[in-house]
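Me: I want to learn how to read helix packing and backbone angles in a model. Please take me through this one.

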Amino acid sequence: MAAMAWRLPTQLATPGKLHHHNDSKTTAYQSSFSWCRTLAADHLLPSSSSSSSSFSSIIGTNTRRSVRCTARAAVGAVNLAPGTPVRPTSILVVGATGTLGRQIVRRALDEGYDVRCLVRPRPAPADFLRDWGATVVNADLSKPETIPATLVGIHTVIDCATGRPEEPIKRVDWEGKVALIQCAKAMGIQKFVFYSIHNCDKHPEVPLMEIKYCTEKFLQDSGLNHIIIRLCGFMQGIIGQYAVPILEEKSVWGTDAPTRIAYMDTQDVARLTFVALRNEKVNGKLLTFAGPRAWTTQEVITLCERFAGQEANVTTVPVSVLRVTRQLTRLFEWTNDVADRLAFSEVLSSDTVFSVPMNETFSLLGVDGKDIVTLEKYLQDYFTNILKKLKDLKAQSKQSDIYF
């Protein structure tokens, strides 16, 4: 395949001059991902040698500061060759096995798209994706050379991927995303959808949120036709964090902070995503998806207790403990990734509201806000179904005991 007779250099982006600025609110442990980025065409042309520089030279600083991203596309990545036109219905879902990714795949298949799923090689194959009717290809964002082949014949990329808890945050969420965006530009991808985090631009002290914001800027300045969607929280996450422990009479962990999160069902996120894809007015825009109402942790627990018909065993972790733990884990290099994730937990446990009014977004997309599932409805359906199954299993167990 002549069009693929090239390879990506190890270094996909060239660091430029760093731009730092001080903030009186920042502390000694805050970091910056500030950079001046150049997407020059020569970085995407055939290369016989890999660059000796590394991403750590871009973002691996010891001084923690606020972020200012100026991702500049001076020349712009260029398509390698005019290839065969691709169908607008051909999409690649990156991170297809995740909570959101699998809903994106199902929605796309239901709407008639030709779906290809980029999945990391794993011991347990993602057979359920094939069973649904999708095509599965193996690649790894942390290995840029595996990406280009997955993009052949693709019109739209939908990026739902994120790093695993045991991985350094920047490996997939920063280095991998930069590689993916540059590959998409070089391969002539027509549209790129990126999921980010609400308020990521307001928390430069949190590595994951800072990376999301910098990736937004990188994508905006790449020249790709794109849609950025910021999310507040998934209703599906509540099941494992609160609903299941309550049913199993185990401890439910919470904090003493009044954080409010407007959770949204990932099925609604998927539905709105494809409405946005079909709407030319949304191209190049940054949208935020939020549920109908923002909830505190205690309100969510109370809701679960009501539908479960039993009280929760709540263990409260003070926010001050999270802060001290994060500072302690900063003392050792091998616990830095733990500290980075605790920083995100600290934001979620602060006096913050993760929600936005959705009226303008609904109007832009032409959808009715009344069709968005509420948290009460979602949890009621879950507990009704799970309690019915438990009741049926209990009845079957009693019947087996009688016959035995």
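Reply: Begin with a pair of helices: Ile169, Lys170, Asp173, Trp174, Lys177, Val178, Ile181 and Gln182 of H5 meet Leu208, Ile211, Lys212, Cys214, Thr215, Phe218 and Leu219 of H6. Contact means heavy atoms within 4.5 Å. Helices (H or I, at least four residues) and strands (E, at least two) are DSSP runs numbered from the N terminus. This is a predicted model, in which local features need pLDDT of at least 70 and side-chain atom pairs count only at pLDDT 80 or more, while totals for chains, interfaces and linings use all residues. Residues are numbered from 1 along each chain as its sequence is written, and side-chain values use heavy atoms, with hydrogens and water left out.

Me: At what angle do H5 and H6 pack, and how far apart are their axes?

Reply: Two packed helices are described by the angle between their axes and the distance between the axes. Axes are lines fitted to C-alpha atoms, for helices over the stretch in contact, and angles run from 0 to 180 degrees between N-to-C directions. Helix H5 (residues 169-186) and H6 pack at about 5°, with axes 10 Å apart. That makes H5 roughly parallel to H6; angles under 35 degrees count as roughly parallel, over 145 as roughly antiparallel, 65 to 115 as roughly perpendicular, and the rest as oblique. By class, this contact of H5 with H6 has 9 nonpolar, 2 polar and 4 charged residues. Here Ala, Val, Leu, Ile, Met, Phe, Trp, Tyr, Cys and Pro are nonpolar, Asp, Glu, Lys and Arg charged, and the others, Gly among them, polar.

Me: At what angle do the axes of H2 and H8 cross?

Reply: The axes of H2 and helix H8 (residues 266-277) cross at roughly 50° and come within 9 Å. H2 and H8 are therefore oblique to each other. The contact joins Thr99, Leu100, Gln103, Ile104, Arg107 and Ala108 of H2 to Thr266, Gln267, Val269, Ala270, Arg271, Thr273 and Phe274 of H8. The residues of this contact between H2 and H8 divide into 6 nonpolar, 5 polar and 2 charged.

Me: Which residues of H2 are buried?

Reply: An α-helix has 3.6 residues a turn, so residues three or four places apart point the same way. In H2, the buried residues are Leu100, Gly101, Gln103, Ile104, Val105 and Ala108. Buried means under 20% relative accessible area, exposed over 50%, and partly exposed in between (1.4 Å probe, protein chains only). Helix H2 (residues 99-110) has 12 residues and reaches 17 Å from first C-alpha to last, close to the 16 Å expected at 1.5 Å a residue; the expected span is 1.5 Å times one less than the number of residues. Just after H2, Gly112 takes a positive phi of about 90°.

Me: Where does Asn199 lie, and is Asn199 buried or exposed?

Reply: Asn199 sits in the loop between strand E8 (191-197) and helix H6 (207-220). At 8% relative accessibility, Asn199 counts as buried. Its phi is positive, about 70°, although Asn199 is not a glycine. Glu249, also not a glycine, has a positive phi near 60°. Glu249 lies in the loop between helix H7 (236-247) and strand E10 (251-255), and is exposed, with a relative accessible area of 66%.

Me: How many helices and strands does the protein have?

Reply: The protein has 13 helices and 14 strands. Of its 404 residues, 50% are buried.
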